[in-house]
Amino acid sequence: MFFNRRNDRELKFARTLIFTVEEINSSPQLLPGVTLGYRIYKSCGANHLMRAGLEAVNGAEQGEQGCGSGRVQALLGHSSSGPSGDINRAIGPLHVPQISHLATCACLSDKKQYPSFFRTVPSDQFQVIALVQLMKNFGWSWVGIVSSTETYSVEGTVEFIKEAKKEGICVEYTESFNKENAVEFDKVVETITQSTSTVVLLFMSLSYTQEFLKRVESRNVTGKQLIGSESWITTASLALESGSILQGAMGFAIPESDIPGLNEFLLSLKPSDAPQSSHIRAFWEDVFHCSFSPSNTSKLCTGSEDLRTVVNDYTDTTETRTVNNVYMAVYAVAHALHNLLQCENGLNPTTGRSCINKTEVMPQQVLEQLRLVNFTTQAGNKVSFDANGDSVAQYDLVNWQIGEDGSANIVNIGRYDGSKPDGQKFRIKDNLKIVWAGNHAEVPRSVCTEPCPPGTRKAINKRKPVCCFDCLICPEGAISNQTDSSNCFLCPPESWPNEIQDMCVLKPTEFLSFEEIMGTLLTLFSCFGVFLSVLMSIIFVVHKHTPIVRANNSELSFLLLFSLTLCFLCSLTFIGRPSEWSCMLRHTAFGITFVLCISCVLGKTIVVLMAFRATLPGSDVMKWFGPLQQRLSVLAFTLIQVLICVLWLTISPPFPFKNMEHYNDRVILECALGSAVGFWAVLGYIGLLALLCFVLAFLARKLPDNFNEAKFITFSMLIFCAVWITFIPAYVSSPGKFTVAVEIFAILASSFALLFCIFGPKCFIILLRPNKNTKKHIMGKTSKDIQY
């Protein structure tokens, strides 16, 4: 095994090796009849390290202390990635297996460069994946990195950036810390303090981290959530000088494990246990401030001092994470040897080959068996290696909680297990208090841009990192119902986004209803028109024998009043929710009743003309347009419109239609015409009769005033035509329910015009000027009593 000089932690690793070897040698189940030995080499500089490695392989017994003799079957160490790689480059071609307990660089998984390298500590590749999952779990997509010039740090940083990019995590800055360059350190501190990211990843070895935190502590860097690499995250002694900045720090650590008897073995160390070890003697003198050689400056060491009275990395028995890796590495070699030395009936049940003697074991055979080992230690830790020589990736997620006295309580708050399926590898323990940087009550935010809320979409800004995006409001008619949605989605035709555009809601339907003000007013006017029509009919019935009623063709007058009543009533069919029957009824009823109305007016106009022509000597025209002919003409004109309506309803009738094109935010319920030709044919026929009636009434306007009602018909038809001429552009341009309102207004206006202009003057005479309701007044200078 290799260890660094004057390093308490490395001494602890070496003593753990000795403890494990002794435990295996005393076990009757593992390697019975075989005694393991060991040699421990100091590594001081690259040249000495390479020489020590080759000496170990060649069998030169130059180790500072050892047990047993014979060929070296495996090497354990080094604690650092760089030296470990250098050693394996030298011994790899010789097929000598090497197992490191702390070398985590992902580069060491490359079997082309390091063919015989194994490790019981997870590769930084797994640590990087775990760190990325940690940041993803807490929503930290904008982070900074401080690294060093070591292989461990450089390789780990490169791998982190690569994995982070896959998960959409961006690195705001990457700063390299150099112990010797104060100017560069000032730049690093300035970058950290001026950055917008809250999370800072310190991916450095313990020695670099100690120096960095020591310097940063005096720079008043606050509010940064530190994420530590495995190399230093469980070193509680860092809090002695850098407690404030470490508050809330997080990171992944090698899992804790309790090795029975190890703590007692470590604390029972005496110099007499290894009298030839200069390292232990130097350690003892340094710990107890004494000397084994007489000196005037220090007291004399007795060798019986108690290590339980001092506190350092060696005596810290609470830290069992890294020593467990040494323990598992020794057991891995032991299990490989055990599998090689099994023999049943002359054959090895593991290899299927002939049995071999313990003196015949070669390192290459151990190398082959190490690839196959799969066992569980007494502490419950599973040990196996994949094709790259990496062990199962398992980590504890730890959280630094600094007490009021400055002591660090490193709390285990979660777990990462690489052997589990995706989605189950990382979990946070329930009901545990987590401390954050700056003692924040909630998880600190570390994003370049806050997530785009529902109702917006994420737009990449090509001038910035992918995490620094723009949030654009969804266009009209589209929604996004997820945070950070890349696209907005159009709502279905009958739906529309709500106010914040995060969900589609059914569009409100709109139609002219009886409940709204406009519908109510139109209904009232329609009922008022019906009332007046009925009232005038009653007046005419009561006064049907008076000259003015008899003189104005009472039969056509009553039919006209009846048709006007129907005109007023048909306007009500345009109000309310459109249905299949109401759509067909409203247009056909309107067309037929208006033709009936205009036919009656046309008949009255013709009667006026014919009546005065009949007063001429020798004229008998009235026999060609008597009461029968008047009825037949009204019936004929009306039947033509009925025929047009029947054809319209048969070929392509009106139907209820949801108009979603005119307005985006609501649905207009209306009656589609079905056949536009049918609709305009109905209107055109009404217009033709109205024009004919207007022309005839205009020609009769100069007949004697006392008798003539042609001027009233002319005026009523003038209003009628004006209303329906202006109706056409208003109908075409009016939106939604106002189209229906325009049509109802045209019906009511033209109906009131006919009612008031034709029957208003007569009712006025009947009710208010009865003295003019005489045959003499109506006949004027004409002495002949003409019957109509």
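Guide: Glu510 stands opposite Ile668 in β27. This is a predicted model, where local features need pLDDT of at least 70, side-chain atom pairs count only at pLDDT 80 or more, and totals for chains, interfaces and linings use all residues. Residues are numbered from 1 along each chain as its sequence is written, and side-chain values use heavy atoms, leaving out hydrogens and water.

β25 and β27 (residues 667-672) run parallel, joined by two bridges. Strands here are DSSP E runs of at least two residues, helices H or I runs of at least four, numbered from the N terminus; pairing takes at least two DSSP bridges. The open sheet has three strands, ordered β25-β27-β26, with mixed pairing. β25 (509-510) and β26 (655-659) each have a single partner strand, so one side of each lacks a neighbour in the sheet.

Now the eight-stranded sheet. It is open and mixed, in the order β8-β7-β9-β10-β11-β16-β17-β18. β8 (170-176) and β18 (426-428) are its edge strands, each pairing on one side only.

β17 (residues 408-417) pairs with β18 in the antiparallel sense, over three bridges. Gly414 has Ile428 of β18 as its bridge partner. Helix α4 (residues 124-137) packs on this sheet, touching strands including β7 (142-147), β9 (199-203), β17 and β18. Contact means heavy atoms within 4.5 Å. The direction of α4 makes about 170° with that of β9. Such angles run from 0 to 180 degrees between N-to-C directions, with axes fitted to C-alpha atoms, for helices over the stretch in contact.
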